[in-house]
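I opened the model to look things up one at a time. These are my notes, in the order in which I made them.

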Amino acid sequence: MSSHRFAVNVTPKPGILDPQGRAVEGSLGHLGIEGVSAVRVGRRVELTVEADGAAAARAVVERLASELLSNPLIEAYAVEELEGARV
Amino acid sequence: MSVRVGVVVFPGSNCDRDTLRGLTVAGAEPVELWHEQASLDGVDAVVLPGGFAYGDYLRAGVIARFSPVMRSVAAFADEGGLVLGICNGFQVLAEAGLVPGALLRNRSLRFLGRDVTITPERLDTPFTHAIGERRPLRMPIAHGEGCYYADDPTLDALERDGQVVFRYARADGAAASGDDGMANPNGSLRAIAGVLNAGGNVCGLMPHPERASEAVLGSEDGIGILRSLVESAAARERGAGRPAEVGAA
């Protein structure tokens with residue numbers, strides 16, 4: 001068994017209204033920032049998996065990401081393996 | 001024999017007592033079902049009440065979806081059992097895939113607690129038949145994530161198959177347009193406030209009929225919905241009725 005550290009990045013799918021992203025965008029003027037658009041607010045979940053090898057660990061994360069961490073109707077996710085298994 | 005209707009209690013449910021009371025007014029014998037129990041105690045129908053099940057962490061309704069009681073509710077629904085999800089209960093049903101679509105953050109980003117008007121699109125379902133006539137119904141909403149979303153082909157199919165059962169409307173009952181923030185409070189697509197599953201036996205509804213089920217609460221417009229559920233469950237118990245058929249086949 002080995003330890004594997006992952007991040008799951010969950011973002012609203014293209015075309016899904018993201019009022020949070022719009023609110024962030026709306027605030028940029030107050031900071032005097034120009035030229036920023038298409039802000040999308042998502043969520044990042046980091047986790048450690050004990051499994052028999054990297055492939056098995058990734059399979060666990062994929063299942064977790066698709067069944068719990070994201071709602072496939074409205075959100076997309078990307079799994080990212082992080083350096084350094086132990087936190 | 002009285003009709004036994006189960007009200008699921010999750011940690012964070014906060015409309016369970018109101019729902020028990022509303023169901024009593026509607027003529028049922030309500031039964032509390034704790035989220036950790038896998039048995040539904042032989043109830044004739046199930047209501048998922050409003051609140052913030054499991055704190056609404058991650059996404060509203062998603063953690064509740066994996067509770068022992070929800071596995072039993074899903075099996076009950078598969079067998080044609082009547083299930084009504086109100087507000088957070090609708091979010092749980094949507095996350096569990098028991099009704100189509102998803103509930104997004106309100107377009108205003110604000111939590112909204114106020115009265116709204118909805119109209120029943122159909123009066124021949126187990127959740128609406130006792131309403132009697134198509135008229136505007138006044139009842140409260142209390143939610144932060146109530147913006148109904150499904151993709152366009154799904155929305156077209158829902159409308160074609162009669163699965164849109166309630167819509168937000170103006171106070172006079174006229175249809176709410178998409179950007180009418182007063183009438184369509186959360187920006188729901190096609191002003192959808194309530195939907196049915198394909199079998200017509202599971203209904204998700206954002207507004208709170210139980211908070212409008214007695215004159216002392218300021219409105220009795222919600223009691224017809226609860227009474228429909230109770231009478232439909234009684235009819236099913238007697239074997240006299242089946243949920244309304246939805247769609248072509």
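**Entry 1: one serine.** I started with B:Ser228 and set aside its neighbours within four places in sequence; B:Ser228 is then in contact with B:Pro126, B:Phe127, B:Thr128, B:His129, B:Ala130 and B:Ile131. Two residues are in contact here if their C-beta atoms, placed from the backbone, lie within 7 Å. B:Ser228 itself is found in helix α6 (residues 223-237) of chain B. I also looked up how enclosed B:Ser228 is: 25 other C-beta atoms lie within 10 Å, so B:Ser228 is buried. The cut-offs are 20 or more other C-beta atoms within 10 Å for buried, 12 or fewer for exposed, and partly exposed in between, with C-beta atoms placed from the backbone. I then picked B:Val25, which is 203 residues from B:Ser228 along the chain, and found 12 Å between the two C-alpha atoms.

**Entry 2: what I am looking at.** This is a predicted model, in which local features need pLDDT of at least 70 and side-chain atom pairs count only at pLDDT 80 or more, while totals for chains, interfaces and linings use all residues. Residues are numbered from 1 along each chain as its sequence is written, and chains are lettered from A and ligands numbered from 1 in the order in which they are written.

**Entry 3: chain B as a whole.** I noted six helices and eleven strands in chain B. Both kinds of element are DSSP runs numbered from the N terminus: helices are H or I with at least four residues, strands are E with at least two. The radius of gyration of chain B is 16 Å, which agrees with a compact globule, because a value near 18 Å would go with 249 residues. That radius is taken over C-alpha atoms, and the globule rule is 2.2 Å times the number of residues to the power 0.38. Of the 249 residues in chain B, 57% are buried. I also looked at contacts in chain B between residues at least 6 apart in sequence, and 77% of them join residues at least 24 apart.

**Entry 4: strands in chain B.** Strand β1 (residues 4-9) and strand β2 (residues 29-34) of chain B run parallel and are joined by six bridges. Strands pair if DSSP finds at least two bridges between them. In this pair, B:Arg4 stands opposite B:Glu29 in β2(B). Between β1(B) and β2(B) the chain passes through helix α1 (residues 16-25) of chain B, and this β-α-β crossover is right-handed. Right-handed means that, with the strands pointing away from the viewer, the path from the first strand over the helix to the second runs clockwise.

Next I checked strand β6 (residues 112-120) of chain B, which pairs with β7(B) in the antiparallel sense over seven bridges. B:Thr117 stands opposite B:Arg138 in β7(B). Strand β7 (residues 137-143) of chain B is largely enclosed by the rest of the structure, because five of its seven residues are buried.

Entry 5: Which residues of helix α3 (residues 68-78) of chain B are buried? I found B:Val69, B:Met70, B:Ser72, B:Val73 and B:Ala77. They cover an arc of only 160 degrees around the axis, so they are on the same side of α3(B). The arc is that of the directions from the helix axis to the C-beta atoms. On the other side of α3(B), I noted B:Ala75 and B:Asp78 as exposed. After α3(B) comes B:Gly80, with a positive phi near 95 degrees.

**Entry 6: two positive phi values outside glycine.** B:Asp41 has a phi near 55 degrees and sits in the loop between β2 and β3 (45-48) of chain B. B:Asp41 counts as exposed, with 11 C-beta neighbours inside 10 Å. B:Cys87 has a phi near 60 degrees and lies in the loop between β4 (82-86) and α4 (88-95) of chain B. Is B:Cys87 buried or exposed? B:Cys87 is buried, with 30 other C-beta atoms within 10 Å.

**Entry 7: chain A.** From the N terminus on, the elements of chain A run β-α-β-α-β. Chain A is more spread out than a compact globule, because its radius of gyration is 16 Å, well over the 12 Å that the rule gives for 87 residues. Buried residues make up 15% of chain A.
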